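Student: Hi! Could you walk me through a structure today?
Tutor: Happy to, here it is.

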Amino acid sequence: MAKDFPIVCVGGSAGGLDAYMRLLKNLPSDLGVAIVIVNHLRTVSTKLHEILPRYTSMPVELISERLDVRPNCVFIIPEKRDLHVLNGEFRLKPISKPRGWPDVITVFLRSLTENWSGQLIAVIVSGYDGDGAAALCGIKEVGGITIAQKLDTAAQPDMPQSAIDSGCIDFILSPEEIAQEIRRIADGDPAIS
């Protein structure tokens, strides 16, 4: 299978669940993109793969080592792991920053810029701290699109605010508008000028 379809990385933490639900509810199941939800959790085990299937008809899978990246699926990062992509597969490594705020979103976005040939869409939603912000300019350098959740729609605006402060955000949108933008990009509409 060709490994050049778009990957949408949705990074969030506190308050992210609301954004993930609203986003997935508004995405069709045959868009041809892989959705990877990178929720930064250090210790609490994730329940997203049990909750989110109620909001999408796409399969929702907890990522395991060497799982194939596939379109029309929602993938969830497991807790206490850094996520990478290599040769079209997910790779899991022990979390590189076990103390303080994790930077799992930044780690995964950087891996995508190095190891994925398809279109990249980085979405930063509600959460504390600024995970992901440091990798956004790199996403743009490889022709990717960056989106931050509109602050007044986020339960915890710190993470989208840090993304906006990076100076490398293309769009600031509500979760519903983010879904529309992902659909537009996946349909191959011309990118922003």
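Tutor: One definition before we start: the expected span of a helix is 1.5 Å times one less than its number of residues. Keep in mind that this is a predicted model.

Student: OK, how far apart are the end C-alpha atoms of helix α6?
Tutor: They are 16 Å apart, and the 12 residues of α6 (residues 175-186) should span 16 Å, so the two values agree.

Student: Which residues of α6 are buried?
Tutor: Pro 175, Ile 178, Ala 179, Glu 181, Ile 182 and Ile 185. They cover an arc of only 165° around the axis, which puts them on the same side of α6.

Student: Why do residues three or four places apart point the same way?
Tutor: Because an α-helix has 3.6 residues a turn.

Student: And what covers the buried residues of α6?
Tutor: The cover includes β1 (7-12), α1 (16-25), β7 (120-124), β8 (145-149) and β9 (171-173).

Student: New topic: is Cys 73 buried or exposed?
Tutor: Cys 73 counts as buried, because its relative accessibility is 4% and the cut-off for buried is under 20%. You'll find Cys 73 in strand β4 (residues 73-76).

Student: What does Cys 73 touch, leaving aside neighbours within four places in sequence?
Tutor: Its contacts are Val 33, Ala 34, Ile 35, Met 58, Pro 59 and Glu 61.

Student: Last one: how many residues are in the largest nonpolar core?
Tutor: That core has 34 residues, and Phe 90 is one of those with the most contacts inside it. Helix α3 (residues 104-115) gives the largest share, 5 residues. Another core, of 29 residues, lies apart from it and includes Val 74 and Ile 76.

Note on methods: Residues numbered from 1 in each chain as written. Predicted model: local features only at pLDDT ≥ 70, side-chain atom pairs only at ≥ 80, totals over all residues. Heavy atoms only, no water. Helix = DSSP H or I, 4+ residues; strand = E, 2+ residues; numbered from the N terminus. Buried < 20%, exposed > 50% of the residue type's maximum accessible area, 1.4 Å probe, protein only. Arc of directions from axis to C-beta. Contact = heavy atoms within 4.5 Å. Core = buried A, V, L, I, M, F, W, Y, C linked by side-chain atoms within 4.5 Å.
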